[in-house]
Amino acid sequence: MINPYLASLLLLTIAMLQTSALPRFSPWGIVPDLMLLVVVSWSLLRGARAGIPWALGGGLMLDLLSGGPFGAATISLALSSVIMGREEFNLFRDSLWLPLFASSLATAIYGGLYLVILRVSGRPVQWGPSLLQVVIPCMVLNALVMYPTFWAMRWLHRRTLSVG
Amino acid sequence: MSVLRNRSLTLVSLLVAALLAGMVLHPTGYLRPVEDAVFTMLAPLQYSFQWISARFAGWAQTLRDLRTLQARVQNLEETVDRLMIENVRLREAEIERANLREQLQFKLANPTYESLGAEVIGHDPSNLLHYLIIDRGTNDGLAVGMPVVTARGLVGRITSVYPQSARVMLLTDPASSVNALIQSSRATGVVQGQGRRGLTMRFVEQSEQVEVGDIVLTSGLGGNFPKRLVIGQVTAVKRNDVEMFLEVEVQSAVHFDRIEMVQVIQSFTPIDYAP
């Protein structure tokens, strides 16, 4: 099991990177959903039960920093973690295509649910432009960033698994 | 033993004789043919030895120079590193100077506004929302609803404020709406954020004259923003006979992706602002 203080520090660092550092290097005006990729990677490696605390912790940090409805990021991350942590995905854990497929699916789930929450909370939502100009480009960008993220999380998974 | 002794004695005697002969004959010039023959035979050998020794001397000098060169290269590398850092620092200073000059221009152009400069320290983590986080808060006198601008134009307004930071909703956020007017025709409408698509001005009557290139300003209606702040420029006008209003696409004057510093207008109190 990973040290909870280390996990908290890691999630905080990822939140800071996503809000303050990555926007300076954003291609097409879009920032990779680094927190989503980390949560999805952890869920793929250790299952939903281990991924949910990461989704909740990371989501709460993002919600605190976001101007959207509080809980939108948390709920969206949690659902993504539950789906990606299913045992069916575990069968393909060593497949080279799994990170690509997982990031695309998770981005679609995360973006779609986020839009639903925005709409339910009373904010105006433009479904077509949001999906075409934000969610789909995010899927592409997240797929590119997913591989290094997944490998880094896999290293952490193996290190903490051996320590126990 | 005696044979060897005799031989060495003979050799020494011959050499002594040659010495004496040379000492006698050399000043007279009679030894010259012998000298010529000796030098002719030895010259190639001398040349070979000289060539080899020159090479060795060169290598030795190179080894001696190597240490000096290493020190010199290290010095030059340190100088390059120092100059590179200084260059980066100077470029950052130049960018900061340009930003500050922009802010000063805004202050000079709008002397009636009391404004406070702030630096952008973060963006919204979601790509679906358009917010900035600035490094000023209630400790600096900021409050919810205060307009945020740059020298180029309107950026948005403060929606949340904390002791040392504040969150700014950008004009491009889908939840943003600003009462506006066309500078030339004075036609009024509402500029709404369209996310990554930019801005759209709605509720402009069909009878109004709106042309591409017209400047869009805040109208001050509703009391949420001061008057006459630049929003942007008209890029397209969509007329539809079955609709009551025009749809006007507006290009913002501000490059939202590149904002680093902003001005918060403190001397304006919005009316009944509810985020």
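Chain B holds two helices and twelve strands, where helices are DSSP runs of H or I with at least four residues and strands are runs of E with at least two, numbered from the N terminus. Both chains belong to a predicted model, in which local features need pLDDT of at least 70, side-chain atom pairs count only at pLDDT 80 or more, and totals for chains, interfaces and linings use all residues. Residues are numbered from 1 along each chain as its sequence is written, while chains are lettered from A and ligands numbered from 1 in the order in which they are written.

**Chain B: overall build**

- Read from the N terminus, the elements of chain B run α-α-β-β-β-β-β-β-β-β-β-β-β-β.
- Chain B has a radius of gyration of 45 Å, well over the 19 Å that the globule rule gives for 275 residues, so it is more spread out than a compact globule; the radius is taken over C-alpha atoms, and the rule is 2.2 Å times the number of residues to the power 0.38.
- The C-alpha trace of chain B spans about 140 × 45 × 35 Å along its principal axes.

**Chain B: the barrel**

- Six strands of chain B close into a barrel with antiparallel pairing, in the order β1-β2-β5-β4-β3-β12; two strands pair if DSSP finds at least two bridges between them.
- On average, neighbouring strands of this sheet are turned by 45 degrees against each other, direction ignored.
- Strand β1 (residues 115–123) and strand β12 (residues 261–265) of chain B pair in the antiparallel sense over five bridges.
- Opposite B:V262 in β12(B) stands B:A118.

**Chain A: a helix pair**

- Helix α2 (residues 34–46) of chain A packs against α6(A) at an angle of about 125 degrees, with the axes 10 Å apart; axes are lines fitted to C-alpha atoms, for helices over the stretch in contact, and angles run from 0 to 180 degrees between N-to-C directions.
- α2(A) and α6(A) are therefore oblique to each other, since angles under 35 degrees count as roughly parallel, over 145 as roughly antiparallel, 65 to 115 as roughly perpendicular and the rest as oblique.
- On the α2(A) side, the contact is made by A:L36, A:L37, A:V40 and A:L44, and α6(A) brings A:L98, A:A102, A:S103, A:A106, A:T107 and A:Y110; residues are in contact if their C-beta atoms, placed from the backbone, lie within 7 Å.

**Where the chains meet**

- Chain A gives 26 residues to the contact and chain B gives 20 residues.
- α1 (4–21), α3 (48–65), α6 (98–120) and α7 (127–163) of chain A each supply at least two residues of the side that touches chain B.
- α7(A) provides the largest share of that side, five residues.

Terms used
Contact = placed C-beta atoms within 7 Å.
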